[in-house]
Amino acid sequence: MVLLQVRPAQLRWVAPFAALVTGLALWWTGQSVVESIAYSLGAVVAAVLALAILRAHAGPLKLRSESDLLRIIVAAVAGALVVGLATFVAGSVTEVEDLRSLTGGSLINEAASLLLWLPLAMDRLRVPSLAGNLERWVQWILVLTVTVVVFGAIYTPSFAYLVLAVMGWAGLRFALLETLLQLIVVRLIAMTFTAHGMGPFSETGHRTNLPPDLEIAFVQLFLITCSIAVVALSLSSTRARVDSRKQALARADAVADSKLSVVVEELEAERSALEELREVDRVKDAFVSNVSHELRTPITNIIGYTELLDDGDYGQLTPLQNGAMERIGENGRRLLSLIDDLLTLSRLRSVDMELSTTPVDLVAMVRSAERIIAPRVHAAGLSLEMDLGDRPVVVRGDGEKLERVMLNLMSNAVKFTPQPGQVTVGLRQVDSRAVLSVSDTGHGIPAEDLGKLFSQFFRTSLAQERQIQGTGLGLSIVRAIVESHGGHIEVESEVDAGTTFSVHLPL
């Protein structure tokens, strides 16, 4: 067994050492010097010859298929012939009485040993056992019990094949290594009981006067049959499991490839659709920008002429005409505001837009917005509270656009707060952020509208029900400006209890 595990380059020194050890062991057990030398040399030569037959190529000895098992049988027979020849020569020299029995017994014993040990020395298919722990325990107990019963009592030789039937279970369900270990255990039990005159192959069992060497030979022939049958069965079962696993993996790969192809196609379709939407969005923005530029001049002219008419530059107007001119001017200014908002939003969405990144004192900016919005607050009958602290809060950004954020939020608070109400503006520093907040005690925003609040042209259901005028672009502009500065905006609201907008900007 040692020789079967070494590399070819190591045989030149391992083989003589193995022959010496084997010869000394035989001589120590009572064999003659000639027999010890003959058998030890024959066993070493048999092992080397078996290795030469099995090693079809460099690398580990592989046990994968029935053709590999056939090579094992050929190697075992060749090795057995070598040992048989060595035993015959030694017996002839020492004039053994029953030379044929000795030679035949040695030949069969070596063949059985090689058939049992060669598979253990080879690289086997490593496939998990099909049997669970309970099944393995039951089979082990059964094979031990049957082997002890068959070889521990007096039966005819045919009873020995009950052991083969139980071993077939292991060949079908167990890993090959565990099956080979069971064969070794069966061999030890069978040889021990037969050597003590028990079992189906002893003299008592088959009622013939055979020499002891041939009694053991019958056991070895039985073990040869078991080894070949069980190993062949285990190989077939193992390869079937390997093939089944490969087929399952191949099917899984095919399914995965198919699904991956579908996913890739869907992703490509999504990408194409996204590109188309981006192009549509770009064309829309360009169209809105161009149309807004074209509309701005004539609307400005309309507003200018209404102001001239209202001032009496073209003659005095009747009260009815004055009312009409006021409505024309008011709606013209609303339309101009809408165009300005569209142009602002278009510029903010443009990838080519450059933002100023100068230091901006938010306290001073909020005070500036307060002065602008104060007349509207007082006209609406509201109170304005400022909670700005007493220290500057400086961020880097575009002061004009940030002021636009404050004006839009404060204008909305005034617009959606009935009198007597209150608008509160706060500024505080939280860690590495500046937090601007605008709160009111106004109409509030329904919960179902909060998710769409910053969409373009969106107006809440309450604003529409209560006919509060607006373009629906102010909050879109606010979010675009805040996000372009690396910040974000949050909103909290309750219907008829007020709204709070919080702008978070990095310092």
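Me: Is D496 buried, partly exposed or exposed, and what is its relative accessible area?

Reply: D496 has a relative accessible area of 53%, so it counts as exposed. Please note that this is a predicted model, in which local features need pLDDT of at least 70, side-chain atom pairs count only at pLDDT 80 or more, and totals for chains, interfaces and linings use all residues. Residues are numbered from 1 along each chain as its sequence is written, and side-chain values use heavy atoms, with hydrogens and water left out.

Me: Where does D496 lie, and what is the value of its phi?

Reply: Helices (H or I, at least four residues) and strands (E, at least two) are DSSP runs, numbered from the N terminus. D496 is in the loop between strands β8 (488–494) and β9 (498–506). Its phi is near 65 degrees, which is a positive value in a residue other than glycine.

Me: In which loop is D431 placed, and is D431 buried or exposed?

Reply: D431 belongs to the loop between β6 and β7 (433–440). With a relative accessible area of 68%, D431 is exposed. Its phi, near 55 degrees, is likewise positive in a residue other than glycine.

Me: Which peptide bond is cis?

Reply: The bond from Q419 to P420 is cis, with omega near -5 degrees. P420 is found in the loop between α13 and β6 (422–430).

Me: How many salt bridges are there?

Reply: A salt bridge is a side-chain nitrogen of Lys or Arg within 4 Å of a carboxyl oxygen of Asp or Glu. By this rule there are 5 salt bridges. One of them joins the side chains of E268 and R271, at 2.6 Å from N to O. These two residues are 3 apart in helix α10 (residues 212–311), and therefore about one helical turn separates them. E268 is partly exposed at 40% relative accessibility, and R271 is partly exposed at 42%.

Me: How far apart are N and O in the salt bridge of R367 and E370?

Reply: The distance is 3.1 Å, N to O. R367 and E370 are 3 residues apart in helix α12 (residues 362–379), so about one helical turn lies between them. R367 has a relative accessible area of 34% and is partly exposed.

Me: With which residue does D398 form a salt bridge?

Reply: The partner of D398 is K401, and their closest N and O atoms are 3.5 Å apart. D398 counts as buried at 10% relative accessibility, whereas K401 is partly exposed at 23%.

Me: At what angle do helices α13 and α15 cross?

Reply: Axes are lines fitted to C-alpha atoms, for helices over the stretch in contact, and angles run from 0 to 180 degrees between N-to-C directions. The axes of α13 (residues 399–415) and α15 (residues 474–484) come within 9 Å and cross at roughly 145 degrees.

Me: Which residues of α13 and α15 meet?

Reply: Contact means heavy atoms within 4.5 Å. In α13, the residues include K401, L402 and R404, and those of α15 include G474, L475 and I477.

Me: How many helices and strands does the protein chain have?

Reply: The secondary structure comes to 15 helices and 9 strands. Of the 507 residues of the protein chain, 40% count as buried.

Definitions and conventions: Buried means under 20% relative accessible area, exposed over 50%, partly exposed in between (1.4 Å probe, protein chains only).
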